[in-house]
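Hi everyone, thanks for making time this morning.

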Amino acid sequence: MREPSESGRFGEFGGRYVPETLVPATIELEVAFRDAWSDDAFRAEYDRILRDYAGRPTPVTACDRLSAELGVRVLLKREDLAHTGSHKINNVVGQALLARRMGKHRVIAETGAGQHGVATATACALFGLECVVYMGEVDVHRQALNVFRMNLLGASVVPVTSGSRTLKDAVNEAMRDWLASVESTYYCLGSVMGPHPYPWMVREFQRVVGEEAQRQAHAILGDDPDYVVACVGGGSNAAGTFAGFVDTRARLVGVEAAGGAAIGHGVPGVVHGSKSFLLQDEHGQVTEAHSISAGLDYPGVGPEHAFLAASGRATYEPANDEEVIAALQLLTRTEGIIPALESAHAIAYVVRAARTGAIPEGSSVLVTLSGRGDKDVAQVMDILSA
Amino acid sequence: MIEESFREKRDAGRKLLVPYLTGGYRDDWTDVLRAMADAGADAIEVGIPFSDPLMDGPVIQEATRLALEQGATPRSVVAALAAVDAGVPLVAMTSYNLCFHAGHERFAQMLAGAGVSGAILPDLPYDEADGWLAAAGDAGVETVLLAAPTTPDARLVEICARSRGWVYAVALLGVTGERASVASSAAELAGRVRATTDLPVLVGVGISNAEQAAEVCEYADGAIVGTAVVRRTLEGASPEEVGAFVADLRAGIDSGGS
């Protein structure tokens, strides 16, 4: 996937739709990122931390029992095994290094499921940075363990009580903080969304997922996989994964929560700094997403995904809550891997597509398992015992 | 029309007062608007409620939420404005998505058709604004652009070249809301804008009372007062009471500015 245009666009999507107060900061960030990303010393330190601290490369696991069950060959890229339990660590290590390089000592972040918040709090602990995480009140309750983790790591978690009290509102509140604190504070956005350069920068920091997976899958299959599948909320694990396969013959599939399918049900709109597909009503008011998974409970999607969808290079499919719970159970029982509810969306699509023949029998499928399910176990227990 | 009247008033020695009101959250909101015009406002900003008011603090967020809950839409708010003969220019303030969703031409024509003279879209910086500015210009809608304390001089030149009506100098870093005192960044920014353009320069965000409005009018051409008005209406102030507050602001800047 290419660099965005000078104005931060992927096709017609992206841009820098933020109040004037923040425009100079996003330009400063772009300059700093370009400089760092072309600096061998920065890259070496980023690689070293991902290797020695975050546990990269994460393995690719060939799922024999699940494959036998589905009639397609399933490989999992195991981001659940990365430090803090998801791919989010890749991005925050990059951004925390950048914050330090830019001389910013206070870091703010938004979080949905809490994975990005935990990852940010972790990186801030590692680098000795002050950390404030905005989290919707609904998510604070359904992800109480992650709130405690963040506190334990020394971060302050601010519950957000406005709007739908989920990820969308956490982003609003983080941006409001940044409006007031922009001179001293680094905003560590957790996905491939927001104003330029975030969608591009976060994809670059997640590119490692796809580049590793491409080499690993090739070693196992002797070829590239036929399909590459990842879940999409804002879309960072999918963007990182697709970056490694966009130049191969693999079909790229992003899986959205059925109740938050910005590409499936949205129309182009502008919120949180960029133009992309967005769930909205007939007047242009942003509508609330509804998903079992806090991390996918977001009405928008990263602009590069909008571009990949519009250009046809990737397709985007929905998975509903019931399919997701069933997929979580299936993967757990056949492979002994409890996926995060977000990641279970990707599995759910593969299960459905294999059974309907949308993915033909005998195909090879690389699925990015973006995170582990520990954080969701209590919620799944409630759902299954209801 | 805004720019012409503002330049005339400024050149005649009058300081400009622009109060803000969230559209559609009280049945009598257009009465409040009229009362503010009668009390000496030189123009009035009307907020068209948007689901995600990024630049607003808790008070205007709450008015926005209530308005949406009561079914306010861009069309209903603008239609209500068409029926108001305020006697001063009206300026729509909203987030860009409502404009983008409707389509630039349609949105501009909707405003112009209702007699709305201007627009402020805080999340549309000039870098992204070419399409909208062209459509607004064709429809005769003057788009007021924001300058911020963080704006470097080179961007300020671009902002002043494109802004119509006036230049909105954002007094501080942060969201809308009342503050105990005027931020020191306000005077510095107003001075920089004045050194860049002959357009009227109005200071807004955090201007809470008559004293503060008078203070910014010592170095700017006028003051914009939002949250202090909206808070009063949320607390149940009648149109007359809001009018009295605006008259108080007027008296403050008239005495301080002379």
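Helices and strands here are DSSP runs, numbered from the N terminus; helices are H or I with at least four residues, and strands are E with at least two. Before we go on, this is a predicted model: local features need pLDDT of at least 70, side-chain atom pairs count only at pLDDT 80 or more, and totals for chains, interfaces and linings use all residues. Residues are numbered from 1 along each chain as its sequence is written, while chains are lettered from A and ligands numbered from 1 in the order in which they are written.

Strand β1 (residues 9–10) of chain A and strand β2 (residues 13–17) of chain A pair in the antiparallel sense over two bridges. Which residue of β2(A) is the bridge partner of Arg9(A)? That is Gly14(A). The hairpin has two residues between the strands, and Gly11(A) takes a positive phi near 60° there.

β2(A) has another partner to look at: with strand β12 (residues 273–278) of chain A, β2(A) pairs in the antiparallel sense over two bridges. Gly14(A) turns up again here, with Lys275(A) as its bridge partner in β12(A). Is β2(A) mostly buried or exposed? Five of its five residues are buried, so β2(A) is largely enclosed by the rest of the structure. By buried I mean that 20 or more other C-beta atoms lie within 10 Å of a residue's own; exposed is 12 or fewer, partly exposed is in between, and the C-beta atoms are placed from the backbone.

Next, the sheets of chain A. As a reminder, strands of a sheet pair through backbone hydrogen bonds, either parallel or antiparallel. One open sheet has four strands in the order β7-β6-β5-β8 (chain A), with parallel pairing. At the edges stand β7 (156–160) and β8 (185–187) of chain A, each with a single partner strand, so one side of each is left without a neighbour in the sheet. From one strand to the next, the twist averages 25°. Inside this sheet, six bridges join β5 (residues 106–111) of chain A to β6 (residues 130–136) of chain A, and Val107(A) stands opposite Cys131(A) in β6(A).

Helix α5 (residues 115–127) of chain A lies across β5, β6 and β7 of chain A, running at about 175° to β6(A). For angles like that one, axes are lines fitted to C-alpha atoms, for helices over the stretch in contact, and angles run from 0 to 180 degrees between N-to-C directions.

Another open sheet has six strands, in the order β3-β4-β14-β9-β10-β13 (chain A), and its pairing is mixed. Here the edge strands are β3 (60–62) and β13 (314–319) of chain A; each has a single partner strand, so one side of each is left without a neighbour in the sheet. Strand β10 (residues 251–257) of chain A runs parallel to β13(A), joined by six bridges, with Leu252(A) opposite Ala314(A).

Now a helix pair. Helix α13 (residues 321–335) and helix α14 (residues 341–356) of chain A pack at an angle of about 90°, with their axes 8 Å apart. That makes α13(A) roughly perpendicular to α14(A), a label for angles of 65 to 115 degrees; under 35 is roughly parallel, over 145 roughly antiparallel, and the rest oblique. Among the residues making the contact are Leu328(A) of α13(A) and Ile347(A) of α14(A).

Gly362(A) is exposed, with 9 other C-beta atoms within 10 Å. Gly362(A) and Leu70(A) are 292 residues apart in sequence and 9.3 Å apart in space, C-alpha to C-alpha.

Finally, chain B. How many residues of chain B are in contact with chain A? There are 31, and they touch 26 residues of chain A; contact means C-beta atoms, placed from the backbone, within 7 Å. On the chain B side, the largest share, six residues, comes from α5(B).

One last stop: helix α4 (residues 74–82) of chain B has Pro74(B), Val77(B), Val78(B) and Leu81(B) as its buried residues.

Terms used: Two strands pair if DSSP finds at least two bridges between them. Two residues are in contact if their C-beta atoms, placed from the backbone, lie within 7 Å.
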